[in-house]
Amino acid sequence: MIRTVTEVGRMTGGALSDCIFCQIATSSTSTTLLHSDDKVVAFRDINPSAFRHYLVIPKQHIPTVKNLQRSSDDFSLASFLIVSHMLDVGKSLLHRDAPQSKHYRFGFHQPPFNSVDHLHLHCFALPYTPSWRFMKYLSLGPLGGFIEVEKLLERINPQIIYPSSM
C-alpha cells in the first residue's frame, strides 16, 4: 500500500511514523538534503559503500519495489514516473559531485534484503569502498537481492492501451 507522509502520520496518532525515511522526507531530522522537490528528496547514505553513495527517496511512502507492479492503470504510470524521476535526480547529483567517476550504478534492494521499508534508490559513483562492498549489491536472480533501476523500469513499464480509431 502506498500512503502519503501525512497519512502515515495520522495512522500513528498524529505523530510522524517510525519510518526514518518519512521523517527525512518531511525535514523532521537533521539530515542534510542534497535535493528536494515536490516528489523526492536525496541525501548521503549514512554508511557509504562507494566513492559517492546517495539515496533518493519518494516523499510518498512506498514500502518496497514489490509495491510497484506493471499494469495498465494510472498507478502503474505514476510508479514508472516516480522511479524515472528518482533516477534522473540521482544521475544529476552524481554527475555534479563526481564528474571524474567513470562508472555509476543505480538500483534497489528487494525484500527481504532491504534495510528500510521505504523505497530508496542507491546511487553510486564507483569504486566501492572498501572494494568487497560490491557483494551487498549483487543480484540474486529469483531470490531477489539488488535490482538495477533499468530492470525495475522494464518490469513496471505501464502497458498503455490506446483506443482503436475504428
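Colleague: Where is proline 112 found?
Modeller: Proline 112 is in the loop between E4 and E5. Strands (E, at least two residues) and helices (H or I, at least four) are DSSP runs, numbered from the N terminus. This is a predicted model: local features need pLDDT of at least 70, side-chain atom pairs count only at pLDDT 80 or more, and totals for chains, interfaces and linings use all residues. Numbering starts from 1 along each chain as its sequence is written, and side-chain values use heavy atoms, leaving out hydrogens and water.

Colleague: What is the peptide bond from proline 111 to proline 112?
Modeller: That bond is cis, with omega near 10°. Another cis bond joins threonine 129 and proline 130, with omega about -10°. Proline 130 lies in the loop between E5 and E6.

Colleague: Why point those out?
Modeller: Because most peptide bonds are trans.

Colleague: And which loop has phenylalanine 113?
Modeller: Phenylalanine 113 lies in the loop between strand E4 (104-110) and strand E5 (121-128). Its relative accessibility is 41%, so that residue counts as partly exposed. The cut-offs are under 20% relative accessible area for buried, over 50% for exposed and partly exposed in between, with a 1.4 Å probe and protein chains only.

Colleague: Changing topic: in what order do the 6 strands of the sheet come?
Modeller: The open sheet goes E1-E2-E3-E5-E4-E6, with antiparallel pairing. Two strands pair if DSSP finds at least two bridges between them.

Colleague: Which strands stand at the edges?
Modeller: Strand E1 (33-36) and strand E6 (145-148). Each has a single partner strand, so one side of each is left without a neighbour in the sheet. On average, neighbouring strands are turned by 30° against each other, direction ignored.

Colleague: How many bridges join E1 to E2?
Modeller: There are 3 bridges between E1 and strand E2 (residues 40-44), and the two run antiparallel. For histidine 35, the bridge partner in E2 is alanine 42.

Colleague: What about the helices?
Modeller: The chain has 4 helices and 6 strands, in the pattern α-α-β-β-β-α-β-β-β-α along the sequence.

Colleague: One more, phi of serine 27: positive or negative?
Modeller: Phi of serine 27 is positive, near 60°, and serine isn't glycine. Most residues other than glycine have a negative phi. Serine 27 is in the loop between helix H2 (20-25) and E1, and is exposed, with a relative accessible area of 52%.

Colleague: How much of the chain is buried?
Modeller: Buried residues make up 45% of the 166 residues.

Methods. Axes are lines fitted to C-alpha atoms, for helices over the stretch in contact, and angles run from 0 to 180 degrees between N-to-C directions.
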